[in-house]
Amino acid sequence: MARNWWKERVVYQIYPRSFCDSNGDGIGDIQGIIQKLDVLKELGIGILWLSPVYRSPNRDNGYDISDYCEINPEFGTMEDMDELIEKAKRLDIKLVMDLVINHTSFEHEWFQRSRKREEPYTDYYIWKDKPNNWTGFFGGTTWTYDEQRKQYYLHLFDEGQPDLNYNNPKVLQSVKAVMRFWLDKGVSGFRCDVINVLYKSSLKNGFPSPALCGREHYISKKGTLKILHELRRDVLSEYDCFTVGETVMVKPRQARKLCTDALDMVFAFEHMETDCFFIKWFLRKFKPERLFRALLKWQKKMPWNAVYFENHDQPRSVSRFGDDKNFHKESAKALAVLLLTLKGTPYVYQGEEIGMTNFDYESMDEIRDVESKNVYEIAKRFRFSEEYRWRMIRLKSRDNARTPMQWNAQENAGFSSGEPWLKVNKNHGSINFESEYNDPDSVWHFYKKLIEFRNGSEVLKRGSFRLSYLSPDVFAFERAYDGKKLGVIVNLSGKKKKVPCVGFTVLSTHGRAQIDCELEPYEAAILRR
Ligand code: ISL
Ligand code: CA
């Protein structure tokens, strides 16, 4: 296995809007990130992934980009960005940008000129006289009629996010220029948004399906692979950088292809589907064993991959896979053990390291996310009960992950001196960075210890994976490298569990030096072997 820095470092994802607001306008910004870099360094992270900070009308909070080479003024200026890149470099933190190239904003100049059939932009997007039957990621139709051009354009996401046309080679040339712009500035790679849907192999009607009708025409197609090979060959290979692809509905076989001379790793979704039927809105009771089995499958099938439990689209893991009421600290720590000891590059999402929970909102009025709003309306049309619809939103809304970072117990959780764009969680009195920083037994300190251990452990950074034990609530495995071994055991239930396992611990959620055939509720440990 090649020695790559992106396998050895822990990644931390920042959702800039919700991270830290430096000027009191209620919106997190780049200067806010700069202020917090030192504590991220102290936590031990080595790579920072920033969700989009580019110019955007914010139909989808920056995932609708209207200029790839400009900073959204609400986040700051290009000078701020340069300062961030500089400071991160001084701290030896690599910076990774979000690359959103399946679509742009409809306010992007390319789209504005495409509407007018201005060359060379006429065919930059996917235009058609008649729509097909595809349905979109945010629910509803994928075609919107444009009065000016007198044609429909395809958008797999919001209507403000028209899909680029990768049958037009000029589009890829433009994308390459954007990538070079940022790599030349000193960023170390990209998280590639919905990267496995770039290429549409046909625009024919899709098989009727309750979810994402049409997907057989664009998920992980050969054309996408070809594009990624080209980006690797012409751009990425010239820089010391890495890419992680967000690959929706991907299977291990496709993922392996996407990670051969194309991307370096991908975000798989199967373990995120262990509390739903088919799509995230069809709720299903979470069972740890389903999570373990999905993780196990990917551990076995990928030589290396991204490991994550949270991001800006997913509910908070302690509320979802743990128990944020009765075992908040214990279950947040147990999940941390799993996240940082599985084979792969771990991604910590802002707030996960202090055990932030799902939002505590009481009604739709408090929700900002475009997907949640759409889905809530669609479910109404399908006559889902009011109660069920709110339950869907409460458990699965993307705003669960987007509530402002809880820095301290003061007003607005220390996120902003103004009114935050999205309400802070009322539990910031007890769950916040400052109090955890001052408490050696906190979730934050546990993350710090774990990251420090991983950073110094060849076995965790490079070792192989082997399953040792799996039961409905307990997952145990072994990592091995160069004759050295570590065991890991995790109880993801609120009950004591008998386990076929004895050993001295290197680290344990319950501070125990030894495990003796029984685990406490939500106990997890790294064992000496
Ligand atoms: O969030 C999801 C489930 O609710 C996914 O379907 C999500 O839309 C999908 O993973 C794509 O996500 C990415 O691209 C979207 C953007 O809204 C997400 O924030 C981003 O992570 C469109 O750019
Ligand atoms: Ca601000």
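Trainee: Does asparagine 61 count as buried or exposed?
Mentor: Let's start with the rule: buried means under 20% relative accessible area, exposed means over 50%, and partly exposed lies in between, using a 1.4 Å probe and protein chains only. This is a predicted model, in which local features need pLDDT of at least 70 and side-chain atom pairs count only at pLDDT 80 or more, while totals for chains, interfaces and linings use all residues; side-chain values use heavy atoms, leaving out hydrogens and water. Residues are numbered from 1 along each chain as its sequence is written, with chains lettered from A and ligands numbered from 1 in the order in which they are written. Asparagine 61 has 16% relative accessibility, so it counts as buried.

Trainee: What is the phi of asparagine 61?
Mentor: Most residues other than glycine have a negative phi. Asparagine 61 lies in the loop between strand 3 (54-55) and strand 4 (67-71); helices (H or I, at least four residues) and strands (E, at least two) are DSSP runs numbered from the N terminus. Although asparagine 61 is not a glycine, its phi is positive, at about 45 degrees.

Trainee: And what is the phi of serine 220?
Mentor: Look in the loop between strand 9 (189-192) and helix 6 (222-234), where serine 220 lies. With 17% relative accessibility, serine 220 counts as buried. Serine 220 is not a glycine, yet its phi is positive, at about 50 degrees.

Trainee: Which residue does a cis peptide bond join to glutamate 119?
Mentor: Most peptide bonds are trans. Here omega is about 0 degrees, and the partner of glutamate 119 is proline 120. The loop between helix 4 (109-115) and strand 6 (127-128) is where you find proline 120.

Trainee: Which residues does tryptophan 182 touch?
Mentor: Contact means heavy atoms within 4.5 Å. Leaving out residues up to four places away in sequence, tryptophan 182 touches Tyr54, Tyr68, Cys69, Ile71, Met78, Met81, Met97, Val187 and Phe190.

Trainee: Which residues coordinate the calcium ion (ligand 2)?
Mentor: Donors are N, O and S atoms within 2.8 Å of the metal, or 3.2 Å for Na, K and Ca; water is not among the atoms, so sites may look incomplete. In sequence, the donor residues are spaced D-x1-N-x1-D-x1-I-x1-D. At 2.2 to 2.4 Å, the calcium ion (ligand 2) is coordinated by Asp21 (OD), Asn23 (OD1), Asp25 (OD), Ile27 (O) and Asp29 (OD).

Trainee: What is the volume of the largest cavity?
Mentor: On a 1 Å grid over the protein atoms alone, a cavity is a set of points where a 1.4 Å probe fits but cannot get out, while a pocket is an open set with protein on both sides within 12 Å along at least five of seven lines; lining residues have an atom within 4 Å of a point. Grid points are joined across faces, edges and corners, and a volume is the space filled by probe spheres set on the points. There are three cavities of 30 Å³ or more. The space in the largest cavity is about 140 Å³.

Trainee: How many residues of the largest cavity's lining are nonpolar?
Mentor: Ala, Val, Leu, Ile, Met, Phe, Trp, Tyr, Cys and Pro count as nonpolar, Asp, Glu, Lys and Arg as charged, and the others, Gly among them, as polar. Helix 8 gives the most to this lining, with four residues. Besides three polar residues and one charged, the nonpolar count is eight.

Trainee: How many residues lining the second largest pocket are charged?
Mentor: This pocket has a volume of about 570 Å³. Of its 22 lining residues, Ser319, Arg320, Asn358, Arg394 and Leu395 are the closest to its centre. Helix 12 gives the most to the lining, with four residues. Alongside six nonpolar and six polar residues, the charged ones number 10.
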